[in-house]
Amino acid sequence: QVQLVESGGGLVQAGGSLRLSCAASGRTFSNYAMGWFRQTPGKEREFVAGISWNGVSTLYADSVKGRFTISRDNYKPSVSLQMNSLKPEDTAVYYCAADFVFRPPYSSNYWGQGTQVTVSS
């Protein structure tokens with residue numbers, strides 16, 4: 001099992017950048033693919049980015065491709081999401097996820113508590 005705690009959310013102007021971090025605890029972190037998801041009120045949680053257990057493979061939603069970068073450090077252990085060129089439509093609660101499944105519907109078995117990202121126009 002793994003426990004996840006996100007940080008780094010906040011308020012930023014459109015075009016700006018934020019870096020989300022997710023600290024993980026549990027001895028099995030390096031075995032898991034990891035992901036980031038986001039959710040806005042009244043909508044289902046949606047996939048944002050995923051990374052394989054060894055960091056070799058990554059996957060992005062079309063809406064963030066070229067702007068967001070997911071990375072991981074199995075020694076810390078942690079996973080990060082660098083978000084550049086932010087848009088107001090990126091506003092959401094962002095969730096870190098462990099044991100991410102690399103196929104639609106891109107589900108996951110473990111979740112953090114979420115961190116709010118707000119992008120002002």
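Two strands pair if DSSP finds at least two bridges between them; strands (E, at least two residues) and helices (H or I, at least four) are DSSP runs, numbered from the N terminus. I'm working on a predicted model, where local features need pLDDT of at least 70, side-chain atom pairs count only at pLDDT 80 or more, and totals for chains, interfaces and linings use all residues. Residues are numbered from 1 along each chain as its sequence is written, and side-chain values use heavy atoms, with hydrogens and water left out.

**Entry 1: a sheet**

I looked up an open sheet and got four strands with antiparallel pairing, in the order β1-β3-β8-β7. β1 (3–7) and β7 are the edge strands; each has a single partner, so one side of each lacks a neighbour in the sheet. Neighbouring strands are turned by 15° against each other on average, direction ignored (axes are lines fitted to C-alpha atoms, for helices over the stretch in contact, and angles run from 0 to 180 degrees between N-to-C directions). I then checked β7 with β8 and found six bridges, antiparallel. I70 sits opposite L81 in β8.

**Entry 2: salt bridges**

My search of the whole structure gave four salt bridges, each a side-chain nitrogen of Lys or Arg within 4 Å of a carboxyl oxygen of Asp or Glu. For burial I used relative accessible area: buried is under 20%, exposed over 50%, partly exposed in between (1.4 Å probe, protein chains only).

- E46 and R38 meet at 2.6 Å, N to O. E46 is partly exposed at 37%, while R38 is buried at 6%.
- K65 and D62 meet at 3.1 Å, N to O, and both are exposed.
- D90 and R67 meet at 2.8 Å, N to O. D90 is in the loop between β8 (78–83) and β9 (92–98), R67 in the loop between β6 (58–60) and β7 (68–73), 23 residues apart. Both are buried.

I also noted that salt bridges link R38, E46, R67 and D90 in a network.
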